[in-house]
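Good morning, everyone. I have one structure to walk you through, and I'll keep it quick. Please look at the picture first.

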Amino acid sequence: MKASEVIQLLEGLIEEVKTVGNRRVFATASKERFREVLQRLREKEVRHVSTISGVDRGSHISVVYHFDCRPCLLNLRVDLPKDNPEIRTITDLFPGAEIYERDLMEMLGVKVSEHPDPRRFFLPDDWPEGVYPLRKEVKQP
Amino acid sequence: MGIANFFRRKSPWLLHFDSGGCNGCSIEVVAALTPRFDVERFGMLAKGSPRHADILVVTGPVTRQCLPRLKRIYEQMPEPKIVVAVGSCAITNGAFDGCYNVVGPLDKHLPVRAYVPGCPPRPEAIIHGLMAVLEELK
């Protein structure tokens, strides 16, 4: 899909739409409705989530899903409050997101609900519980 | 110079350990081992087991997960043992300094006898570092 087709497909579900060139779309979605976006993408044979990036913005945590819509790239941002960063898993729709969500859980402390395998992935074995190294407030050695 | 040291200088065996880097230095170490640069002409041979090794070649910054493994490998090596730090990361943490899981530099934890700087160092430089520690065995 081209950038214009992606925006047309997701009409009404996404906000703050920004297009860079004709192959990159940046958009935000609410925590409640972002799964509808994913379902619409699935119906259009979008199968590949390239990665998920988590960003600590100070006041909130942004979770950015990067979808490969061939040839267009959709970067879908979902903002979560910092006191309770919880989001539903997307592994039922995009199974490849499993490892990215584990990364999100341990590095930024985002609670991914209904995740099939919420173990730790990258952190050392003796890393203390409840310390999320990519959060702004964590003091680096 | 004892007779054991005389022969050890003729065939020091290496153990290469990557303690968590980007693999750039590891590739240069492999280049130093293979025929183009050919560290084997000095009798050096890469070994798979620390129990057979005389020289421990460490690349990469020491990470929190790797540190106990690195220490155990060092303890398993027979005396006399020599540690060579290869690359900026092993020497000073390099680009990974201040990272949440980096506990280096290497000489904080193990007695390092030679430092080979560079990011990554040239294979010639690695060979030069290894030859320099062999001089100490005299």
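Start at the N terminus of chain A and read along. The elements run α-β-β-α-β-β-β-β-α-β. That gives three helices and seven strands. Keep in mind that this is a predicted model.

Now the overall dimensions. The C-alpha trace of chain A spans about 45 × 30 × 25 Å along its principal axes. Does the radius of gyration of chain A agree or disagree with that of a compact globule? It agrees, because a compact globule with 141 residues would have a radius near 14 Å, and chain A has 16 Å.

Of the 141 residues in chain A, 43% are buried. The accessible surface of chain A comes to about 7,800 Å². Carbon and sulfur atoms hold 48% of that surface.

What about contacts along the chain? Take the contacts in chain A with a separation of 6 or more. Residues 24 or more positions apart account for 51% of them.

On to charges. Chain A carries 23 positive and 24 negative charges. Their mean positions lie 5 Å apart.

How many salt bridges does a search of the whole structure find? It finds 16, counted over all chains. Let me show you some.

First stop: A:E45 and A:R47. These two form a salt bridge, and their closest N and O atoms are 2.6 Å apart.

Next stop: A:R120 and A:E129. Their side chains meet in a salt bridge, 3.8 Å from N to O. Here A:R120 is partly exposed, with a relative accessible area of 30%. A:E129 counts as exposed, at 71%.

Now a pair that involves chain B. A:D126 forms a salt bridge with B:R64, with the closest N and O atoms 3.3 Å apart. This pair crosses between chains. On the chain A side, A:D126 sits in the segment after β7 (111-113). On the chain B side, B:R64 sits in the loop between β3 (55-59) and α3 (67-76). B:R64 counts as partly exposed, at 26% relative accessibility.

Last stop: a network. Which residues are linked in a network of salt bridges? They are A:R35, A:R88, A:D92 and A:E114. Thank you.

Definitions and conventions
Residues numbered from 1 in each chain as written. Chains lettered and ligands numbered in written order. Predicted model: local features only at pLDDT ≥ 70, side-chain atom pairs only at ≥ 80, totals over all residues. Heavy atoms only, no water. Helix = DSSP H or I, 4+ residues; strand = E, 2+ residues; numbered from the N terminus. Rg over C-alpha atoms; globule rule 2.2 N^0.38 Å. Buried < 20%, exposed > 50% of the residue type's maximum accessible area, 1.4 Å probe, protein only. Contact = heavy atoms within 4.5 Å. Areas by Shrake-Rupley, 256 points an atom, 1.4 Å probe, with all protein chains shown as cover. Lys, Arg positive; Asp, Glu negative; His and termini not counted. Charge placed at Lys NZ, Arg CZ, Asp CG, Glu CD. Salt bridge = Lys/Arg side-chain N within 4 Å of Asp/Glu carboxyl O.
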